[in-house]
Amino acid sequence: MIHIFRRILNRLRAGNPRDRREGSSDGTGDSDADSGAIRTDGGESVSTTSTPTVSVSTRIRRLFQDERVAGLLFWVPPFLLMGWFVYGAIGWNVVISLTDWSGLGQPLYDSFDLGMYRELLSDPSFRVAARNQVVLMITFTVAALGLGLLLAIMIDQNIRFENTFRTVYLLPMALSFVVTAIFWSWIYNAEIGLINQALETVGLGAIALDWLGDPRTKLAAVIVALTWQFSGYCMIVYLAALRAIPNEHYEAAKVDGASTIRMYWRVILPQLRSATTSATVVLMVFALKAFDFIFVMFGDTPGPSADILSVMMFREAFSRSNWAYGSAVATVLFLLALAIVVPYLYTQHKRGDL
Amino acid sequence: MFIGYTGVDDFMSFLDRDVDGLEEEIRASLQLLVDYREYFSPDSSSIAWDEANGQVIDGEAAFIHQGDWAAGQYGATDLTYGEEWDHVPFPGTEGTYSLVMDSFVMPEPNPTPELTKDFLTYCGSIDAQQRFNSIKGSIPPRTDVPSDEFGPFLESQMDDFENSDQQPPTIAHGSGIDPQGKSVLEEIFSGFIENWDAEATTSRILDEL
């Protein structure tokens with residue numbers, strides 16, 4: 001986005017003075033096209049008097065040949081749609097979070113304050129949800145990256161049936177969270193679930209827990225299931241990065257007598273940094289909105305051990321009609337997402353990768 | 001449990017969020033639940049009521065605390081009511097019939113208000129009450145509907161209903177409290193079934209209701 005804004009800004013800066021200059025010098029075809037462009041920018045007052053000599057249809061045709069005018073067709077519709085439906089909605093959400101709107105009526109926009117945010121800070125539910133959110137974000141991201149890297153390295157060993165394995169590991173990504181949540185809740189079922197049945201079969205019935213009922217394991221159960229679903233994605237990202245490393249690097253490390261572990265640690269892993277960064281951003285932002293999985297498993301009251309901000313936001317807004325309070329939670333979520341995405345975009349921009 | 005322990009009047013003031021004088025009653029009811037915890041099925045906090053009911057039918061559990069809708073599941077088996085399965089009122093709640101009502105809406109805007117009115121009038125008639133309830137497994141609120149179509153279980157329910165002194169609404173089905181209060185209580189209880197702390201839960205109820 002930032003990139004696009006900058007381009008638009010540059011265009012405007014570069015465009016305007018030239019338009020004015022050429023608009024005043026009459027006669028040439030170029031200036032006609034440019035003065036036409038000025039009209040679309042609302043610059044009618046500076047248009048010249050000599051232009052009527054060219055027919056209207058020619059002017060329209062020339063108008064569309066102009067790069068800037070043609071460009072408008074590409075960026076204006078998505079810009080307006082994004083501006084209204086995404087940034088407009090975010091802005092309105094922030095506005096609502098400053099009101100006291102709750103219940104079935106319409107919001108009153110007469111006084112704005114940070115009351116809702118103050119209330120958040122003293123709300124034990126929010127503190128618990130925020131804590132779980134951080135735990136989920138960090139453990140899930142680290143686990144998914146680690147597992148994905150392991151899978152990618154194993155698949156990169158020129159194994160047989162490579163495509164089959166790749167598909168098998170990536171397949172969970174293709175399933176809806178509603179499907180995987182229900183199916184993990186069966187796997188975790190305390191009585192008939194796969195895990196506990198397996199534990200009992202091998203004589204470990206003593207450690208068979210009620211995974212989704214026990215507050216000690218609830219969040220961990222969710223993290224394991226999400227890791228399963230996302231490690232395939234990390235595998236693909238890492239696999240692409242591994243394939244981009246020239247074979248010479250492996251060979252050079254081997255010639256220098258590095259062990260396999262040392263080779264990966266010192267030579268290969270450092271080259272996976274940008275893959276890790278982009279996968280981390282995707283995973284963390286996903287963890288912020290990991291709503292569907294928990295909602296399907298537990299409804300909107302997962303209990304203090306598995307509550308996260310997005311579920312709390314839904315509960316406050318849609319179960320309790322505390323619209324302003326729910327919006328405040330949503331704003332916090334948005335700021336967290338920005339805190340993850342902006343540094344990433346900024347470093348990408350600085351490196352010129354954007 | 002709260003109704004059984006302290007009665008409908010206190011329950012009604014609980015629903016009115018007038019909980020200040022009820023601290024002791026709330027704590028005692030919650031403590032009762034904590035004390036019974038060792039008898040729950042090990043997976044009680046993660047299964048749905050119909051799965052729990054299935055455990056009773058399969059003989060894995062002794063009993064379940066449920067409404068009359070759970071009876072339909074017994075109807076689908078070959079268990080005989082009164083011999084192989086039965087029900088008793090919750091201890092301490094004799095004379096109380098907790099109401100959960102089925103309802104049809106009259107929407108606004110409505111392109112055919114007259115037809116809707118006709119339909120709703122029919123729903124309230126003896127004929128419709130009999131046809132709807134005997135299949136659904138519920139009982140008619142009218143006392144003049146003949147009970148012979150309903151089978152032995154629903155007949156005894158109709159008797160209980162007619163002879164009840166008090167018919168309080170419920171929290172779980174939203175008829176006794178506004179949606180916000182219901183959601184707040186649900187959150188408090190989702191914490192209670194994790195920490196099983198009657199003391200802390202009582203003070204949360206007093207704070208937030």
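1. The largest nonpolar core of this predicted model has 59 residues, of which Cys234(A), Met235(A), Tyr238(A) and Val329(A) touch the most other members. A nonpolar core is here a set of buried Ala, Val, Leu, Ile, Met, Phe, Trp, Tyr and Cys residues joined through C-beta atoms within 7 Å. A residue counts as buried if 20 or more other C-beta atoms lie within 10 Å of its own, as exposed if 12 or fewer do, and as partly exposed in between, with C-beta atoms placed from the backbone.

2. Several helices of chain A supply at least two residues each to this core, among them helix H6 (124-155), helix H10 (218-243) and helix H16 (323-351). The largest share, 14 residues, comes from H10(A). Helices (H or I, at least four residues) and strands (E, at least two) are DSSP runs, numbered from the N terminus.

3. Because 19 of its 26 residues are buried, H10(A) is largely enclosed by the rest of the structure.

4. Leaving aside neighbours within four places in sequence, Tyr238(A) is in contact with Gly148(A), Leu149(A), Ala152(A), Leu272(A) and Ala275(A). Two residues are in contact if their C-beta atoms, placed from the backbone, lie within 7 Å.

5. Pro270(A) lies in the loop between helix H12 (260-268) and H13 of chain A. Pro270(A) counts as exposed because it has 9 C-beta neighbours inside 10 Å. Its C-alpha atom is separated by 16 Å from that of Ser259(A), 11 residues apart along the chain.

6. In chain B the secondary structure comes to 10 helices and 0 strands. Buried residues make up 16% of the 209 residues in chain B, and its C-alpha atoms fill a box of roughly 50 × 45 × 30 Å along the principal axes.

7. An automatic or database domain assignment divides chain B into domain 1 (1-95 + 174-209) and domain 2 (99-167). Between these domains the contact takes 10 residues from domain 1 of chain B and 11 residues from domain 2 of chain B. The centres of the two domains, taken over C-alpha atoms, are separated by 25 Å.

8. Thr202(B), in helix H10 (residues 198-208) of chain B, is buried because 23 other C-beta atoms lie within 10 Å. What does Thr202(B) touch, not counting residues up to four places away in sequence? It touches Glu23(B), Ile26(B), Arg27(B) and Leu30(B). The C-alpha atoms of Thr202(B) and Ile26(B) are separated by 6.3 Å, although the two are 176 residues apart along the chain.

9. Where chain B meets chain A, the contact takes 13 residues from chain B and 17 residues from chain A. The side of chain B that touches chain A divides into 3 nonpolar, 6 polar and 4 charged residues. Ala, Val, Leu, Ile, Met, Phe, Trp, Tyr, Cys and Pro count as nonpolar, Asp, Glu, Lys and Arg as charged, and the others, Gly among them, as polar.

10. Residues are numbered from 1 along each chain as its sequence is written, while chains are lettered from A and ligands numbered from 1 in the order in which they are written. As this is a predicted model, local features need pLDDT of at least 70 and side-chain atom pairs count only at pLDDT 80 or more, whereas totals for chains, interfaces and linings use all residues.
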